[in-house]
Amino acid sequence: MSSHANPDIRRHVERLTADGIDVVRVIYPDLIGTDRARDVLVDHLPSACEHGLAFCRAVYHTSPQGDVVPVAGGLDAGLPDVCVRPDLSTLSVLPWEPGVATCLGEVTDPATSAPAAESPRDLLRGVLARCAAQGLRPVVGPELEYFLLEPAPQSPTGWRRSPETTGAVYTAGLRADPGNHLLRTLRALRDLGLGVVTGNHEFDGGQYEINLTHSEALDAADRAFRFKAAVKELARKEGNLATFMAKPFKDAGGSGFHLHLSCQDEQGDNAFGDPTGSYGLSATARHALAGILAHAPALAALANPTVNSYKRFGPDTLAPWLIDWGLDNRSAMVRVPPERGSGARLELRLGDASANPYLLVAGTLAAALLGVHAGEEPPAPLEGYGYDTARSAVLPMDLSAALDALEADTDLSELLGKDFTTSYLSYKRNEVERFQRHVTDWEFTEYAYHL
């Protein structure tokens, strides 16, 4: 380590070394929320902090299958770099990997030193700055579901649900989780410092939900991102697969990513509660709700970001299908839980588990902020069980329609940033094109013999 290293960095290195840590894993999210990373030997951490770690910018434009999608600034620019510097304020020790700590990385354009245009974390920061200018500090509580799968060589996919127990919704213990996956995972995530609070087996076999405590929006998105990466890593360590895919099985429901959203005012009080307001909500909360409803078609492109996402939608799925809201109504797209006062909040139930946490939070806050600016009231709340198309408009029913809605929603896309929106639309439309060219097993079974 250089004697000229920043004293704060030097102290971090000394503390890590004293704790037996010799590697720091620097991670950051790509466009789809997958963690990209590099392991740095502790002795080289000062250099990584000073000069940064070079990554090809096209990592933002690389598909899950390894294709580099032609997005402006990538292939056409000769595959330039982005620079990633460790954010040592986010350091934590990996409980399941001896000698390894991890931290988030800050991503910049080396030519300008400005945040990279596609950086999801910086996109959220930009939206939060706009909220702060309005005197609002968003607070978010994430809830995520996922499926745990175990190897099944005879299965067409090579995986099966672990376990395949049905009817075990809202349970814990060995009846629904004979391998004790949930207990081990909760404890490891607690030790990682992610603010997990509860967990249970969910509706379908092998499906679990773990809730994170609420916090300031950027911190909540950071923890949700690291949560997803950690759950997948823990499952792989045991030879299993944890998937946040929206709907991995046709005979089971999907996995959601619900956001509980409130805002603090400049005095630190909950800006969404008002005992004298309609429904016990302040004008700010009602306007934010109206904004989320108004921009829901475009928001779906971020909250439901894959071709598979839209197979989770439909009548009687317990997933949103219509653009509506309700008072403590889980069949609505936005649910207002029964707490009021300091507990007043909105629960957006639109997102599925495949969503990039930073983009889901940023898009939701952008839509809410536009609603606050517009000052409009929401329609009457849903009464009874939802899914009646005579009462509410239908959300986009495929990814193409959602992307078109995002492009058409100039207010939302401009608040998110034109450079980001252009890159995201290009990347995701390529995904749609690749899917449309793919011949599925269903097509072969349906047509090959008789046609």
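Two strands pair if DSSP finds at least two bridges between them. Strands (E, at least two residues) and helices (H or I, at least four) are DSSP runs, numbered from the N terminus. The model is predicted: local features need pLDDT of at least 70, side-chain atom pairs count only at pLDDT 80 or more, and totals for chains, interfaces and linings use all residues. Residues are numbered from 1 along each chain as its sequence is written, and side-chain values use heavy atoms, with hydrogens and water left out.

View 1. S5 (residues 100-108) runs antiparallel to S4 (residues 81-93), joined by seven bridges, one of them linking Asp-87 to Leu-104. Six residues separate the strands in this hairpin, where Gly-99 has a positive phi near 80°. With S1 (residues 23-29), S5 pairs in the parallel sense over five bridges; Val-23 is the bridge partner of Val-100. Eight of the nine S5 residues are buried (under 20% relative accessible area, 1.4 Å probe, protein chains only).

**View 2. The buried face of helix H9.** In H9 (residues 399-408), Leu-399, Ala-402, Leu-403, Ala-405 and Leu-406 are buried. Seen down the helix axis, these residues fall within an arc of 155°, so they line one face; the arc is that of the directions from the axis to the C-beta atoms. They pack against helices H7 (296-303), H10 (410-416) and H11 (418-437).

**View 3. Surroundings of Ile-292.** Leaving out residues up to four places away in sequence, Ile-292 touches residues including Leu-261, Met-333, Thr-364 and Ala-368 (contact: heavy atoms within 4.5 Å).

Technical notes. Buried means under 20% relative accessible area, exposed over 50%, partly exposed in between (1.4 Å probe, protein chains only).
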